[in-house]
Amino acid sequence: MAPRVSGPVLKLNIEDNQDVKKGDLLLEIDPNDYSAKLKETKAKLDEAKASLVSAENQVTKTLSDFDFAKNDFERYSKMHEKGISSKQDYESSLNKLTVAESNRNSAKAKYDEIQASIKRLEAEVEQDELNLSYTKIYAPSDGKITNRSVEQGNYVQVAQPMFAIVPEKMWVVANFKETQIANMKPGQPVKIKIDTYGGKKFLGKVDSIQRSTGAKASLFLPENAVGSYVKIVQRVPVKIVFSEDISKYNIVPGMSVVPEVKVK
């Protein structure tokens with residue numbers, strides 16, 4: 001488990017090896033900075049929405065002025081063609097139309113700019129709300145707290161590992177040799193010997209066989225087909241699940257296991 005936001009740990013509700021249930025509040029990061037950021041963004045959004053009303057009124061006014069100037073220009077233009085109005089009146093009406101058109105375009109551009117700003121601020125509010133919610137970390141599933149490295153008061157960074165939750169359901173990943181899996185199939189019974197409980201064989205079954213060798217799935221792929229080639233027997237991970245109740249046994253990840261699959 002790792003945080004999605006950084007900050008000091010305000011509350012820590014878990015102890016080492018504690019059982020937790022899905023939905024339990026495990027840890028809380030100080031939310032003050034994120035709460036303040038959300039309030040600031042919401043204030044900017046309210047201010048932008050108020051400006052949008054004013055800009056909308058300005059657009060309406062400039063449209064009205066433009067329509068009036070356009071009608072005025074058309075009237076003087078016809079009168080000028082007939083020689084009824086002077087050239088000065090005609091040019092004055094043309095100038096007023098040009099100014100009105102410029103004002104209309106400017107008001108429309110301002111309105112569009114504020115609309116874009118509102119959309120951006122709405123997205124910021126949504127992100128700020130998410131960041132604020134990330135200050136509380138809940139258990140994603142039932143399990144037991146393991147490898148806890150965080151304490152109350154620690155300053156944690158984004159993606160910093162703090163602890164792990166190991167689920168109750170356990171299974172075995174057995175790395176069989178490639179020469180052992182020819183007749184192996186899902187559903188076949190398995191006897192599982194765990195070193196911790198040497199005198200007992202647990203019952204299980206093959207769940208699935210990985211579609212690649214362990215080496216092929218590693219970060220550094222081996223390239224044996226060069227120069228002095230030496231054949232290396234590959235290992236294939238096989239997932240084995242328990243078919244009996246193991247809740248009363250202390251079986252944990254990393255234990256040494258010897259599985260025996262009955263293939264015929």
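Analyst: The largest nonpolar core has 19 residues. Those with the most contacts inside it include F176, M184, I192, F202, V238, I240 and F242. Keep in mind that this is a predicted model. Which elements give two or more residues to this core? They are β8 (171-177), β9, β10 (201-209) and β11 (235-242). The largest share, 4 residues, comes from β11.

Now follow strand β9. This strand covers residues 189-194 and also holds K191.

Side chains of opposite charge can pair when their charged atoms come close. The structure holds 13 salt bridges. One of them joins K144 and D19, with the closest N and O atoms 3.0 Å apart. K144 lies in strand β5 and D19 in strand β2, so this pair ties together parts that are 125 residues apart in sequence. D19 is exposed, at 55% relative accessible area, while K144 is partly exposed, at 34%.

Helix α2 (residues 87-133) holds another pair, K108 and D112. These two residues are 4 apart, about one turn of the helix. Their salt bridge has its closest N and O atoms 3.0 Å apart. R120 and E124 also lie in helix α2, again 4 residues apart. Their side chains meet at 2.9 Å, N to O. Finally, salt bridges that share partners join D16, R148 and E151 into one network.

How values were computed. Residues are numbered from 1 along each chain as its sequence is written. This is a predicted model: local features need pLDDT of at least 70, side-chain atom pairs count only at pLDDT 80 or more; totals for chains, interfaces and linings use all residues. Side-chain values use heavy atoms; hydrogens and water are left out. A nonpolar core is a set of buried Ala, Val, Leu, Ile, Met, Phe, Trp, Tyr and Cys residues joined through side-chain atoms within 4.5 Å. Buried means under 20% relative accessible area, exposed over 50%, partly exposed in between (1.4 Å probe, protein chains only). A salt bridge is a side-chain nitrogen of Lys or Arg within 4 Å of a carboxyl oxygen of Asp or Glu.
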